[in-house]
Amino acid sequence: MLEVYIDGASAGNPGPSGIGIFIKGEGHLIKISEYIGETNNHIAEFTALIRALEEAKKLGSSLVSVRSDSKIVVASVEKQYVKNDQYQPLLEQVIRLTEQFQLFFIKWIPDGENKAADALAREAILKGKPS
């Protein structure tokens, strides 16, 4: 099983944004830090999940357990519903990706347990910001 920690961060809301993904398990230890441009924090969180699921699929895993400190993302995936229509296409993409795994879990964790992904997301903002 892959354990996947995700985080999205924005410097301003909206503002320069980045995603952080930390994947471990099945012999893998992968860190992804990517600048995603100007957006809001919720879109950054959904984007981190989408990117993480794409990466897990590339690794050939059939069992994926995601951990996120975003209550909105976790609740939206669990209920397969978002209140804000702006996030509906992102949720639909997440659902399509999760259906490709034999088992998929998502769990909310407090910020303190998501430090690796948070650091990667913040690092991505710094890499992407114009000097």
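A residue counts as buried under 20% relative accessible area, as exposed over 50%, and as partly exposed in between. The exercises below apply this definition and others to a predicted model.

**Exercise 1. Threonine 47**

Task: Determine where threonine 47 is placed and whether this residue is buried, partly exposed or exposed.

Solution: 
- Step 1. Threonine 47 belongs to helix α1.
- Step 2. The relative accessible area of threonine 47 is 21%.
- Step 3. Buried would require a value under 20%, and exposed a value over 50%. Threonine 47 is therefore partly exposed.

**Exercise 2. Two helices**

Task: Describe how the axes of helix α1 and helix α3 are arranged, and state the handedness of their crossing.

Solution: 
- Step 1. Helix α1 covers residues 41-58, and helix α3 covers residues 88-98.
- Step 2. Their axes come within 10 Å and cross at roughly 20°.
- Step 3. Angles under 35 degrees count as roughly parallel. Therefore α1 and α3 are roughly parallel to each other.
- Step 4. The crossing of α1 and α3 is left-handed.

**Exercise 3. Positive phi values**

Task: For glutamate 26 and glutamine 80, give the phi angle, then find the location and the exposure of each residue.

Solution: 
- Step 1. Glutamate 26 is not a glycine, yet its phi is positive, at about 55°.
- Step 2. Glutamate 26 is located in the loop between β2 and β3. With a relative accessible area of 40%, glutamate 26 is partly exposed.
- Step 3. Glutamine 80, also a residue other than glycine, has a positive phi near 55°.
- Step 4. Glutamine 80 is located in the loop between α2 and α3. Its relative accessible area is 51%. Exposed means over 50%, so glutamine 80 is exposed.

**Exercise 4. A cis peptide bond**

Task: Identify the residue that a cis peptide bond joins to proline 14, and locate proline 14.

Solution: 
- Step 1. The cis peptide bond joins asparagine 13 and proline 14, with omega about 10°.
- Step 2. Proline 14 lies in the loop between β1 and β2.

**Exercise 5. A nonpolar surface patch**

Task: Name the residues of the nonpolar patch on the surface, and characterise methionine 1.

Solution: 
- Step 1. The patch is formed by Met1, Leu103 and Phe105, which together have about 270 Å² of accessible area.
- Step 2. Methionine 1 stands in the segment before β1.
- Step 3. With a relative accessible area of 44%, methionine 1 is partly exposed.

Notes:
Residues numbered from 1 in each chain as written. Predicted model: local features only at pLDDT ≥ 70, side-chain atom pairs only at ≥ 80, totals over all residues. Heavy atoms only, no water. Patch = residues over 30% accessible without salt bridge, like charges linked within 9 Å, V, L, I, M, F, W, Y side chains within 5 Å. Areas by Shrake-Rupley, 256 points an atom, 1.4 Å probe, with all protein chains shown as cover. Salt bridge = Lys/Arg side-chain N within 4 Å of Asp/Glu carboxyl O. Helix = DSSP H or I, 4+ residues; strand = E, 2+ residues; numbered from the N terminus. Buried < 20%, exposed > 50% of the residue type's maximum accessible area, 1.4 Å probe, protein only. Axes fitted to C-alpha atoms, helices over the stretch in contact; angles between N-to-C directions. Parallel < 35°, antiparallel > 145°, perpendicular 65-115°, else oblique. Left-handed = near helix turned anticlockwise from the far one by under 90°.
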